[in-house]
Amino acid sequence: MRSAASSLTERQEARRRRILQASAQLAGRGGFDAVQMREVAECSQVALGTLYRYFPSKVHLLVATMQDQLEHLHATLRKRPPRGESAAERVAETLMRAFRALQREPQLADAMVRALTFADRSVSPEVDQVSRQTTAIILDAMGTRHPAPGQLAAVRVIEHTWHSALITWLSGRASIAQVKADIETACRLIDLRDA
């Protein structure tokens with residue numbers, strides 16, 4: 001939703017920011033089910049109708065919340081970039097840092113991932129923003145400004161692996177060690193694509 005957000009006035013952007021913060025707080029306390037549009041409106045001090053103009057559904061709101069969280073993560077990573085020797089090591093370190101950030105707030109992580117999983121075509125613009133932000137984070141870690149098609153294919157597989165690893169961890173079907181191993185394995189595709 002970056003294009004829509006960038007066309008907002010300063011006051012509208014502040015309102016949108018309050019809505020996203022309220023969504024993250026509610027999800028952090030009680031997960032997906034705790035994010036009720038009426039309560040988000042009350043917590044962010046906006047009218048319910050206004051909230052629906054910004055976000056037509058809870059899924060739209062939570063996917064936008066994930067986009068917002070990824071933007072914050074990206075800013076943090078730019079201040080403290082990964083230090084691995086190879087692009088694969090830097091990407092794996094970056095994704096594990098992202099995973100650890102989500103691990104600190106498992107209810108919020110679960111709510112955002114569930115929303116992303118439930119998203120239908122009406123949420124495509126927001127889902128696309130999440131994907132673009134994730135791609136940008138990975139490309140920054142790789143140190144690549146203009147990726148080749150093969151590199152972009154590897155990045156897509158890494159994104160899918162990271163998303164799947166997050167789902168299996170949240171559902172209790174994978175340990176953190178398994179998540180780390182899967183992410184590192186997928187990230188090796190980067191070095192294969194460079195060879």
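Predicted model: local features only at pLDDT ≥ 70, side-chain atom pairs only at ≥ 80, totals over all residues.
Biologist: How many residues does helix H8 have, and how far does the helix reach from its first C-alpha to its last?

Modeller: Helix H8 covers residues 124-142, which makes 19 residues. Its reach from the first C-alpha to the last is 26 Å, close to the 27 Å expected at 1.5 Å a residue.

Biologist: Which residues of H8 are buried?

Modeller: The general idea comes first. An α-helix has 3.6 residues a turn, so residues three or four places apart point the same way. In the present case, the buried residues of H8 include Glu126, Gln129, Val130 and Gln133. Ile137, Ile138, Ala141 and Met142 are also among them.

Biologist: How is a pair of aromatic rings described?

Modeller: One gives the distance of the centres and the angle of the planes. By the rule that ring centres must lie within 6.5 Å, the count comes to 3 aromatic pairs. One of the pairs is formed by Phe32 and Phe118: their ring centres are 5.4 Å apart and their planes stand at 85 degrees, so this pair is edge-to-face.

Biologist: Where in the chain do Phe32 and Phe118 lie?

Modeller: Phe32 is in the loop between helix H2 (10-30) and helix H3 (37-44), whereas Phe118 belongs to helix H7 (residues 106-118). The two are 86 residues apart, and their pair links distant parts of the chain. Phe32 counts as buried because its relative accessibility is 9%. Phe118, at 47%, counts as partly exposed.

Biologist: What kind of pair do Phe99 and Trp169 form?

Modeller: Phe99 and Trp169 form an edge-to-face pair, with 5.0 Å from centre to centre and 75 degrees between the planes. Phe99 lies in helix H6 (residues 87-104) and Trp169 in helix H9 (residues 149-170), so their pair ties together parts that are 70 residues apart in sequence. Both Phe99 and Trp169 are buried.

Biologist: Is His160 buried or exposed?

Modeller: His160, which lies in helix H9, counts as exposed because its relative accessibility is 57%. The cut-off for this class is over 50%. Between His160 and Ser131 there are 9.9 Å in space, C-alpha to C-alpha, although they are 29 residues apart in sequence.

Biologist: With which residues is Ser44 in contact, leaving aside its neighbours within four places in sequence?

Modeller: With that exclusion, Ser44 is in contact with Arg18, Ile19 and Ala22. Ser44 lies in helix H3, and at 1% relative accessibility it counts as buried.

Key:
Residues numbered from 1 in each chain as written. Heavy atoms only, no water. Phe/Tyr/Trp six-rings, centres within 6.5 Å; stacked < 30°, edge-to-face > 60°. Helix = DSSP H or I, 4+ residues; strand = E, 2+ residues; numbered from the N terminus. Buried < 20%, exposed > 50% of the residue type's maximum accessible area, 1.4 Å probe, protein only. Expected span 1.5 Å × (residues − 1). Contact = heavy atoms within 4.5 Å.
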